[in-house]
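Subject: Handing over a structure

Hi,

Here is the structure I promised to pass on to you. Have a look at it first, and then read on for what turned up.

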Amino acid sequence: MTVLTIPSRRRAWGRSTAMIIVGAVVIGAFWSVDVNWARLADLPAQVMHYLWLMFSDPNWSKVPEALGQTWKSVAMAWVGTVIGILLSFPLGFLAARGFSPAPVRWSMRVGFAIIRAVPEIIIAIAILSVTGLTPLTGALALAIGSVGTLGKWGYEAIEGVDPGPIEATRASGGNIAQILRWGVWPSATPDFISFWLYRFEINVRSSAVLGLIGVGGIGDMLTSYTQFREWSTVGVLIIVVVIVTMGIDAISGAIRRRIVEGT
Amino acid sequence: MRDVTVRYASGVVALKNVSLDIRPGEMVSVVGLSGSGKSSLIRTINGLVPITSGSLRVGGYHLESARGGELRRLRGEIGMIFQGFNLAKRTSVLNNVLVGRLAHTTTLRTLLLGAYRASDREIAFEALNRVGILSKVWDRASSLSGGQQQRVAIARALCQEPRLVLADEPVASLDPPTAHEVMDDLRRINQDLGITVITNLHLIDLARSYGTRIIGLRAGEVVFDGPVESASDAVFAKIYGRSVESADVLGL
Ligand SMILES: Nc1ncnc2c1ncn2[C@@H]1O[C@H](COP(=O)(O)OP(=O)(O)OP(=O)(O)O)[C@@H](O)[C@H]1O
Ligand SMILES: [Mg+2]
C-alpha cells in the first residue's frame, strides 16, 4: 500500500481571530449594558399583565378606523416602493460593471451603501423639516431607503446575467440601450420583479414603524393609543397590523415564488 | 485583410500578420487547434475584437478606424452564430430573431415590445421559415432543443439580411446528426442566398464537407489557405502540428 501524502491543512488564523474578537464583543456588551437584572424576574408577570389588558376584551369598534389607517400605511409603502423602483432602476445600471465607467460605478455603489446604513426613520426625520409631518414624508423616506437596497440588488443581478445574449445583441449592431433591453433585460426580469416585491414587503413593515414619528398611518394611531393607555384598542391595532402584514407577505411571497420557479 | 495583428490586453498575441482575401459568396472553413486564434479571427471581422495593427476592410468599412455608429452599422450587416447559441432564453423565439433587426430600426422602436415595423416581423418570419422552425415562433427560446436553438440563432443572423455570416464553432455543442442539419442550413444560406459564410470548425470532416475553402491557423498564423480539394491529411497534420487522430473527425 502506498502512503498517501496529505497536504497539511492551512490553519485559518484569520477566522479564529475573528471568532475570538466577536466573542469578546458579545460578552463585553452584556457586561456594559446597565440592566437591572432583578427586574427581569418580574418580566413574565408584566408581559402577562399587558397581554391581558390588550387582548382580554379587544375594542372591536376600532377595527374600521384601524383598517383605514393600515391602508394609509400600505399606500405609503406602495408609493415609496414605486418611487424607489423608478430611481433605483437607472442608477442600478450605472453601478453595474460593463455598463458605466468606474468612477460613476463606484460613486453609485458608495451612495447605495450609505443609504443602506441609515434607517428609514432617520431619513424621515432628516427630510421632515422640508416635507412636514405628512404621509409623503414617510413615502419619500421609504423611497430613498429602497434605492439603497434595490440599487445594490439591481447591479448584482445585472452583473450576474448570462453574457451570451449581450454578446449576440452587440454582434448584431445593437447600441447600449438596445443591448440592455434585449441582452440584459429578458434574463434579469424575474430577479428584478422579485426584488421589487420583496422590497414592498419590507416597506409595508417599515411604514408602520415610520408612523411613530407622526407621519400618519397605523403606526401613528398605535403611538397615540399607547400614550392614552387604551390597551384594548392597542390590542386591536396589533391584531390588524399582524394580519395585514402577514397577508401581504403571503401574497407577495407566493407571486415571487411563481416568478422564480416559472422560468 | 492585410498584416492584421491582434494582441489582447493580457499580452497574448492571438493573430500574427494575417493577410487574407475573402471574396463575396465564399464558404470558408477556418480550422486550427484550440487557442490557435480562430475565434479571434472571426471577431476582428465584426469588430468585437479590435485589431492592434494592420488593416482590415470589410465591405466598404475600414475596421482599423471604425468607431461607434459606423461599427454598429457594419455589425448590422454581418450575422454571427455562436457555439452556445446566445439566445435570450426567457423570451420568445420571435423576440430573439428580431434582435437581428436592431441595427436597422430606430432605438425607440426596439425598446418597446411589439413596436417593430410589420416589414421587420415579416423578415423575421421568413428567416424562421428558411430554417424550418416557423412553427416555434411564439415559444420561449428555453423550451427548444439545442439544434432548434441554433436554428433560431441562424434565423436571427438571417434577419439582419447580412452579406456575411460568421459562425464560431456553431455545432460544437450539438450531437452529430443535428450538427449535420445545422451545417446544411449554413450551406443553404450560402448557396441559395449567396451570403458569404465563414465558419470556425475543429473537426476535419465537417470542414472538408461543408467548406469550399479551408484556412488553417496555427498559433495565430495562417499555415494553410486553399481549396478544400487540396487540404489533404498531410495538410491537416501541418495545421495541427501532429498527425490526424480519430478525435479530429465527427464521423457519421
Ligand atoms: N478576451 C481575451 N483576452 C485575452 N486573451 C484572449 C482573449 N480571448 C482569447 N484570448 C487568447 O488568445 C488566444 C487565441 O484564442 P482564440 O479564442 O482566438 O482561439 P480559438 O482558436 O478560437 O480556440 P478555441 O478552439 O478554444 O475556441 C488564446 O491563447 C487565448 O487564451
Ligand atoms: Mg474559439
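Let me start with the ligand. An oxygen atom of ligand 1 sits 2.6 Å from an N or O atom in the side chain of B:Ser39. The protein covers 60% of the 630 Å² of accessible area that ligand 1 has on its own. Please keep in mind as you read that this is a predicted model.

The side chain of B:Lys38 places an N or O atom 2.9 Å from an oxygen atom of ligand 1. With B:Gly37 the backbone is involved: one of its N or O atoms is 3.0 Å from an oxygen atom of the ligand.

Which residues come nearest to ligand 1? There are 13 residues around it, and the nearest are B:Ser34, B:Gly35, B:Lys38, B:Ser39 and B:Ser40. Sorted by class, the shell holds seven polar, four nonpolar and two charged residues. Helix 1 of chain B, residues 38-45, gives the largest share of that shell, with three residues.

Now to the helices. Two packed helices are described by the angle between their axes and the distance between the axes.

In chain A, helix 4 (residues 63-94) packs with helix 11 (residues 231-261) at an angle of about 45 degrees, and their axes are 10 Å apart. These two helices of chain A, helix 4 and helix 11, are therefore oblique to each other. Their crossing is right-handed.

Chain A also has helix 5 (residues 102-117) packing with helix 7 (residues 135-159), at about 135 degrees and with the axes 8 Å apart. Helix 5 and helix 7 of chain A are therefore oblique to each other, and they cross in a left-handed way.

How are helix 6 and helix 7 of chain B placed relative to each other? Helix 6 (residues 146-159) and helix 7 (residues 176-193) of chain B pack at about 15 degrees, with their axes 10 Å apart. Angles under 35 degrees count as roughly parallel, so helix 6 and helix 7 of chain B fall in that group. Helix 6 of chain B passes helix 7 of chain B in a right-handed crossing.

Enjoy exploring it!

Best wishes

Methods
Residues numbered from 1 in each chain as written. Chains lettered and ligands numbered in written order. Predicted model: local features only at pLDDT ≥ 70, side-chain atom pairs only at ≥ 80, totals over all residues. Heavy atoms only, no water. Near = heavy atom within 4 Å. Polar contact = N/O pair within 3.5 Å; in protein donor to acceptor, adjacent residues only side chain to side chain. Areas by Shrake-Rupley, 256 points an atom, 1.4 Å probe, with all protein chains shown as cover. Helix = DSSP H or I, 4+ residues; strand = E, 2+ residues; numbered from the N terminus. Nonpolar A, V, L, I, M, F, W, Y, C, P; charged D, E, K, R; others polar. Axes fitted to C-alpha atoms, helices over the stretch in contact; angles between N-to-C directions. Parallel < 35°, antiparallel > 145°, perpendicular 65-115°, else oblique. Left-handed = near helix turned anticlockwise from the far one by under 90°.
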